[in-house]
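Thanks for coming. I will take one structure and go through a few of its features in turn. Please have a look at the model first.

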Amino acid sequence: MSRKPGRRRMGQNRMLRLLDSLERDPRADAAIDVLTRTVRALPLGRVRDGLHGRWLGHPLHPLMVQVPVGSWMSAAVLDLWPGRSREAGVLVSVGLAAAGPAALAGAVDWAELHRQQTRVGLVHAMANTAAVGLYGASLFCRLTGRSGAGRAYGFLGLTAVGLGGMLGGHLAYRQASGANHAEEVPHVVSEGWHRIGTVDEFPAGRPVRRAVDDVPVLVVRETGGTIHALADRCSHLAGPLSEGTIADGCVRCPWHGSVFRLSDGWNVRGPATAPQPAFDARVVDGHVDIRLRGEHGTQGPDEREADEVPAQGEEEKGRGRSI
C-alpha cells in the first residue's frame, strides 16, 4: 500500500539517532575506564565536593562554563565589528583562562556517571578540547598580527563550542546526568502516616527496603531504637541506598559513594549535590509508621524523636494508610 503524497513519515530525526547510537557504542569504553580512574585518583580532597557543587545544591560545571562560552560568543560579535579585534582578543583570553577550571569541574562529575552518559560526555569533552585548541590558535594569531586568521580560528572554535554545548544539553536533559533523582518523591508520596511493618522486621543497624506509594524507602533502626527513613533512590543517579553501608549515622551509596545523614537526609559527601527526602517515624503498638517530613509543619529530627509514640487519642488519627 503506497503512502499518500505529501505525507511524511513520523519518527526519530537523524540527530537523535546519532546520539542514541553514541550512547550504545562501546568502542571508547577502554579509554573511558582509564580516564575515569585517573580523574578519581586526583588528590583533590575536599575540593572535589566543591567542584561537584555540593555547596551550591546542583552541579557547578554548568555555571562555570558560562564564562568561557559567554566570552567567546562576545568575541565573535566583536569580530564582526570593524576595528574591535583587540577587544575580541581580550575576550578570547578570558575564555581560555576560565576554560580550565570549568573543565575540571566537568571532569569530576563525568567520572561518576553511568556508562551511557560517559560515552556522550567523552565526545562532549573532545569537542570542548578542540574549541580550546582553536581559540588558543586564534589568540596566537592575533598576538602575531594575523587578525584575519585569528578571527577564522575563533569562528571555528565557536562552532566546536556549539557542538559541545549541544552534547552537554543532551547529557543534562535527555540523560539527566546532573538532575536530582529524588526530586519527585514529595510529589508522589501521599499525605499522612504509612505503616511499613513491625519493629521486629527492622534489625538494628541493618538497612531495610520498604515502599510507600511505589516509592522505595530506606529504613534503618539504630541499636537504641531510633528509626530513620529516607528515600531509597540516591539523588545523584538513583542508586539503591538500601544496598549501601551504614556507618557513623550515615548511609553510603553503593554506586558512586555519596554519603547521606540518616537523621535528615543531608548529603554529607558528594558526588550527590541534593539531600535525600527524609521521613518522620513513629512506633504504634509495635508497628512502624512513617510520614514524609515537612507535611503539616512536621518538626525536624532536632525537635522531636524520630520514633516518638503519639499521645493517647492521636493514635487512630495518625495511623494513615497501611502497606
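I start with aromatic rings. The count of aromatic pairs comes to one. Keep in mind that this is a predicted model. The pair consists of W72 and Y135, and it is stacked, with 4.3 Å from centre to centre and 10° between the planes. A pair of aromatic rings is described by the distance of the centres and the angle of the planes, and that is the form I have used here.

Where in the chain do W72 and Y135 sit? W72 belongs to helix α5 and Y135 to helix α7, 63 residues apart, and the pair links distant parts of the chain. Are these two residues buried or exposed? W72 is buried, and Y135 is buried as well.

There is another ring to mention, that of W193. R282 lies over the face of W193, at 4.3 Å from the ring centre.

Next, empty space. Rolling a probe the size of a water molecule over the atoms shows where empty space is left. I take the largest pocket, which holds about 1300 Å³ of space. Its lining is made up of 46 residues, and those nearest the centre of the pocket are H61, V65, G106, H124 and G168. Which elements give two or more residues to this lining? They are α2 (29–41), α4 (61–64), α5 (66–79), α6 (85–110), α7 (115–143) and α8 (147–174). So much for position; by class, the lining of the largest pocket has 26 nonpolar residues, 19 polar ones and one charged. Helices α5 and α7, on this list, are also the ones that carry W72 and Y135.

Now the cavities. How many of 30 Å³ or more does the structure hold? There are two. In the largest cavity there is about 50 Å³ of space. Its lining consists of H181, A182, E184, V185, V215, P216, A231, D232 and R233. Of these lining residues, five are nonpolar, one is polar and three are charged.

Last, a strand. Why is strand β1, residues 194–198, described as largely enclosed by the rest of the structure? Four of the five residues of β1 are buried, so the description follows from that count. What does β1 pair with? Its partner is strand β10, residues 287–292; the two run antiparallel and are joined by four bridges. Within this pairing, H194 stands opposite I290 of β10.

That is the end of my tour, and I am happy to go back to any part of it.

Key: Residues are numbered from 1 along each chain as its sequence is written. This is a predicted model: local features need pLDDT of at least 70, side-chain atom pairs count only at pLDDT 80 or more; totals for chains, interfaces and linings use all residues. Side-chain values use heavy atoms; hydrogens and water are left out. On a 1 Å grid over the protein atoms alone, a cavity is a set of points where a 1.4 Å probe fits but cannot get out, and a pocket is an open set with protein on both sides within 12 Å along at least five of seven lines; lining residues have an atom within 4 Å of a point. Grid points are joined across faces, edges and corners, and a volume is the space filled by probe spheres set on the points. Ala, Val, Leu, Ile, Met, Phe, Trp, Tyr, Cys and Pro count as nonpolar, Asp, Glu, Lys and Arg as charged, and the others, Gly among them, as polar. Buried means under 20% relative accessible area, exposed over 50%, partly exposed in between (1.4 Å probe, protein chains only). Two strands pair if DSSP finds at least two bridges between them. Rings of Phe, Tyr and Trp (its six-membered ring) pair if their centres lie within 6.5 Å; planes under 30 degrees apart count as stacked, over 60 as edge-to-face and the rest as tilted. A charge sits over a ring if NZ of Lys or CZ of Arg is within 6 Å of the ring centre and within 35 degrees of the ring normal.
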